[in-house]
Structures are given as structure tokens and as C-alpha cells.
Amino acid sequence: MDFQFSFAFQPIIDATTRSVFAYEALVRGPGGEGALSVLDKVTDENLYAFDQVCRVKAVKLASRLNMSAYLSINFMPNAVYQAEYCIRTTLAAARTYHFDTNKIIFEVTEGESLTDLDHLVSIIDAYREMGFLVALDDFGAGMSRFNLLMASPPHLLKLDMGLIRDVDHQANKQAVVIGIIETISRLGGRIIAEGVETEAEYAWLREHGVELFQGFLFARPGFETLPEPWFPE
């Protein structure tokens with residue numbers, strides 16, 4: 001690859017324990033530029049190399065910052081041709097930088113999951129067997145992947161901010177969210193509400209059993225730092 005990049009980190013809080021559950025690694029330019037400044041340079045030819053370098057850089061930076069919470073890394077199913085082989089670089093980086101592999105979450109976005117379902121399920125199953133947590137990101141942003149939930153339920157399901165926005169006073173949205181919360185609970189997973197911006201949204205979601213949250217209400221992403229979140233009363 002002929003371009004550089006780094007990461008910002010945004011906390012995912014556990015409202016019950018009032019602690020940081022995880023930090024999501026969000027790609028940024030080398031000077032903190034937005035994600036698109038980097039992602040626009042990713043092509044089919046460099047996708048695999050980019051995916052691998054992302055994992056190494058995220059682990060290295062998390063270790064340097066003494067991260068003790070989970071590290072959540074976005075992964076690209078179309079860049080993974082065999083999970084067991086492609087994970088070797090990540091494991092080597094964790095050993096090199098003394099980062100606990102039991103503290104890694106791999107996130108797949110709903111858009112990225114529109115790949116071959118069997119291939120994606122094989123990746124998730126392999127990561128699960130290796131002891132990693134798996135999260136399905138942006139759930140509800142587009143064509144929701146209920147077939148993936150049935151084939152290989154993730155440990156964590158992140159509700160898209162489109163479902164979160166104004167959920168405290170939109171009855172139709174509330175009905176959908178309550179259904180998803182019940183579904184993932186029955187499948188043995190946990191909900192993360194992402195993109196939470198108001199205390200009213202937070203209060204409604206807490207009332208309906210959500211414990212894990214991410215969004216500007218708690219903390220904005222910090223470039224190469226671990227922001228301290230605000231915890232609502």
C-alpha cells in the first residue's frame with residue numbers, strides 16, 4: 001500500500017457497571033483526517049493488505065495506549081479468503097505488542113455482510129471457535145441480515161443510528177427495536193445501541209433493557225487517544 005493511516009477510538013459503555021466495555025477503532029488519516037480520506041484509496045487490489053494492516057495497527061496502538069477494555073476492529077469479509085490463515089497476522093501482532101487476544105471483537109458491517117452468506121458464516125464460526133467476540137454492525141441500516149442471525153448469531157448486535165434517532169417518541173420505531181432486542185436476547189447475544197445522541201433516547205433504551213451504548217452523548221472519537229466517557233445518571 002502507498003498510503004498511511006491511523007485510528008481514532010470511541011468508547012462503548014456498559015451503563016450497568018458504569019465502565020468502558022470496549023473501544024471501537026475507527027480508521028483516520030495520518031493527521032486525523034476523516035475515514036473517507038483513507039477508504040477512498042482502498043481498491044480490490046489492496047483490500048487484503050489494507051484489512052491485514054488495519055488489524056496490526058489497531059492492536060499496536062491499543063497496546064501503546066494501555067487499553068484494558070475490549071478492542072473492536074472492523075473486518076472486511078471480502079478480504080478474508082480463509083479465516084484461520086488470515087488471522088495469523090493479528091495473532092502475531094497481539095503477541096508482539098502484548099495485547100490479550102481474548103479482548104478482541106471483530107465487527108462486520110451490514111453492508112459488508114452482503115457477501116456470500118456461507119463464506120461469512122464460516123468466518124464468524126471460525127472467529128468464535130478461536131475465542132473472539134463477533135459483532136454485526138449497523139443492523140437496520142439497510143436490508144437487515146436476519147438470515148445471518150439464524151445461521152450464526154453474533155455475540156453483539158449494533159443497532160444502527162437510524163433506528164436509534166428519536167426512538168423515544170416514534171411508536172413504529174419502538175415496535176421494531178423492541179422486536180430486535182427480544183430476538184437477539186433469545187439468540188444469546190447482546191445489543192449495542194450506537195449513535196445515541198440524546199438523554200431521551202438513552203433513557204428509553206435503558207428502560208427496555210439495553211446495557212451497552214456508543215455515541216456522541218457519551219464521548220466523541222479521540223484520535224490516537226482513549227476518551228473518557230460521560231455516564232448518565
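Figure 1. Cys-86 counts as buried because its relative accessibility is 0%; buried denotes under 20% relative accessible area, exposed over 50%, and partly exposed the range in between (1.4 Å probe, protein chains only). The model shown is predicted: local features require pLDDT of at least 70, side-chain atom pairs count only at pLDDT 80 or more, and totals for chains, interfaces and linings use all residues. Residues are numbered from 1 along each chain as its sequence is written, and side-chain values use heavy atoms, with hydrogens and water left out. A search of the whole structure returns zero disulfides, a disulfide being a pair of cysteine sulfur atoms within 2.5 Å. For Cys-54, the nearest cysteine sulfur is that of Cys-86, 14 Å away. Cys-54 is likewise in the buried class, at a relative accessible area of 9%.

Figure 2. Helices (H or I, at least four residues) and strands (E, at least two) are DSSP runs, numbered from the N terminus. The buried residues of α2 include Leu-47, Phe-50, Cys-54, Ala-58 and Leu-61. Asp-51 and Arg-55 are also both buried, and they form a salt bridge whose closest N and O atoms are 3.1 Å apart. A salt bridge is here a side-chain nitrogen of Lys or Arg within 4 Å of a carboxyl oxygen of Asp or Glu. The two partners, Asp-51 and Arg-55, are four residues apart in α2, about one turn of the helix. Just after α2, Asn-66 adopts a positive phi of about 60°.

**Figure 3. Aromatic contacts of Phe-5 and Phe-50.** The structure contains 13 aromatic pairs. Rings of Phe, Tyr and Trp (its six-membered ring) pair if their centres lie within 6.5 Å; planes under 30 degrees apart count as stacked, over 60 as edge-to-face and the rest as tilted. The Phe-5 and Phe-50 rings form a tilted pair, because their planes meet at 55°, with centres 5.1 Å apart. This pair connects distant parts of the chain, as Phe-5 lies in the segment before β1 (6-14) and Phe-50 in helix α2, 45 residues apart. Phe-5 is buried at 4% relative accessibility, and Phe-50 is buried with a relative accessible area of 1%. Phe-3, Phe-5, Phe-7 and Phe-50 make up one aromatic cluster. Lys-57 lies over the face of Phe-5, 5.3 Å from the ring centre; a charge sits over a ring if NZ of Lys or CZ of Arg is within 6 Å of the ring centre and within 35 degrees of the ring normal.

**Figure 4. Helix α4 and the residue that follows.** In helix α4 (residues 88-96), Thr-90, Ala-93 and Ala-94 are buried. These residues lie on the same side of α4, because they cover an arc of only 100° around the axis; the arc is that of the directions from the helix axis to the C-beta atoms. Arg-88, Arg-95 and Thr-96 are exposed on the other side of α4. His-98, in the loop between α4 and β4 (104-109), has a positive phi near 60° in a residue other than glycine. His-98 is exposed, at 71% relative accessibility.

Figure 5. Glu-24 pairs with Lys-158, the closest N and O atoms being 3.0 Å apart. Because Glu-24 lies in strand β2 (residues 19-28) and Lys-158 in strand β6 (residues 156-159), the pair ties together parts 134 residues apart in sequence. Glu-24 and Lys-158 are both buried. Arg-165 and Glu-197 meet in a further salt bridge (3.6 Å, N to O). Here Arg-165 is in the loop between α7 (161-164) and α8 (171-186), and Glu-197 in the loop between β7 (190-194) and α9 (199-207), 32 residues apart. Arg-165 is partly exposed at 22% relative accessibility, as is Glu-197 at 41%. Salt bridges with shared partners join Glu-24, Glu-107, Asp-137, Lys-158 and Glu-194 into one network.
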